[in-house]
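Have a look at the fold before reading on.

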Amino acid sequence: MSVQSAPATGNTPAVPTPKQQPATTAVAGGTTGAGEPAATRGRTSIADVVVVKVAGVAAREIPGVHAMGGGLSRTIGAVRDRVPGGRSNVGRGVKVEVGERQTAIDLDLVVEYGVPIADLARDVRENVIDAVERITGLEVVEVNVTINDVHLPDDEDSAPETTSRVA
């Protein structure tokens with residue numbers, strides 16, 4: 001059985017009909033009113049921190065990513081990780097710009113020695129785009145990957161101890 005709209009006559013029942021939506025409705029936008037489908041009543045807003053966390057987790061999933069963030073943020077993060085009750089910051093090394101329908105992501109990475117950087121960057125980019133688009137529904141317009149350091153096999157995970165040259 002198909003439903004077709006008929007021209008308005010005096011005999012048609014007074015049932016509200018859904019408004020016609022333009023073809024370019026915003027992903028985050030919604031409509032109001034009892035006559036609208038339940039799934040479209042209201043707006044969905046996604047905070048920057050949501051995209052930061054999703055991108056951070058997705059980037060860390062790729063083998064060869066040793067750590068994320070620049071030198072200072074890694075040092076502060078290492079101290080925070082050692083404090084009892086402290087939580088690691090999954091957003092370390094991730095910067096985002098979030099609009100209504102799109103997002104751009106910048107990642108700062110430390111890679112393991114021996115991992116092909118171009119391949120790693122491609123894999124990170126693909127995983128981050130897939131995760132962010134799947135989870136948030138936002139279109140990822142770009143993922144910029146910056147390699148800040150290479151972790152060598154003999155490097156310790158702790159911060160280097162400094163020794164004084166004078167007594």
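## Ground rules

This is a predicted model, so to speak of local features takes pLDDT of at least 70 and side-chain atom pairs count only at pLDDT 80 or more, while totals for chains, interfaces and linings use all residues. Numbering starts from 1 along each chain as its sequence is written, and side-chain values use heavy atoms, with hydrogens and water left out.

## Overall layout

The protein has three helices and four strands, in the order α-β-α-β-β-α-β from the N terminus on. Both kinds of element are DSSP runs numbered from the N terminus: helices are H or I with at least four residues, strands are E with at least two.

Of its 167 residues, 26% count as buried, meaning under 20% relative accessible area with a 1.4 Å probe, protein chains only. Take the contacts (heavy atoms within 4.5 Å) between residues at least 6 apart in sequence: 66% of them join residues at least 24 apart.

## How H1 meets H3

Helix H1 (residues 48–60) packs against helix H3 (residues 117–136) at an angle of about 140 degrees, with the axes 8 Å apart. Axes here are lines fitted to C-alpha atoms over the stretch in contact, and angles run from 0 to 180 degrees between N-to-C directions. That makes H1 oblique to H3; oblique is what remains after under 35 degrees (roughly parallel), over 145 (roughly antiparallel) and 65 to 115 (roughly perpendicular).

On the H1 side, Val50, Val51, Val54, Ala55, Ala58 and Ala59 touch Val124, Asn127, Val128, Ala131, Val132, Ile135 and Thr136 of H3. The residues of this contact split into eleven nonpolar, two polar and no charged. Nonpolar covers Ala, Val, Leu, Ile, Met, Phe, Trp, Tyr, Cys and Pro; charged covers Asp, Glu, Lys and Arg; the others, Gly among them, are polar.

Terms used. Buried means under 20% relative accessible area, exposed over 50%, partly exposed in between (1.4 Å probe, protein chains only).
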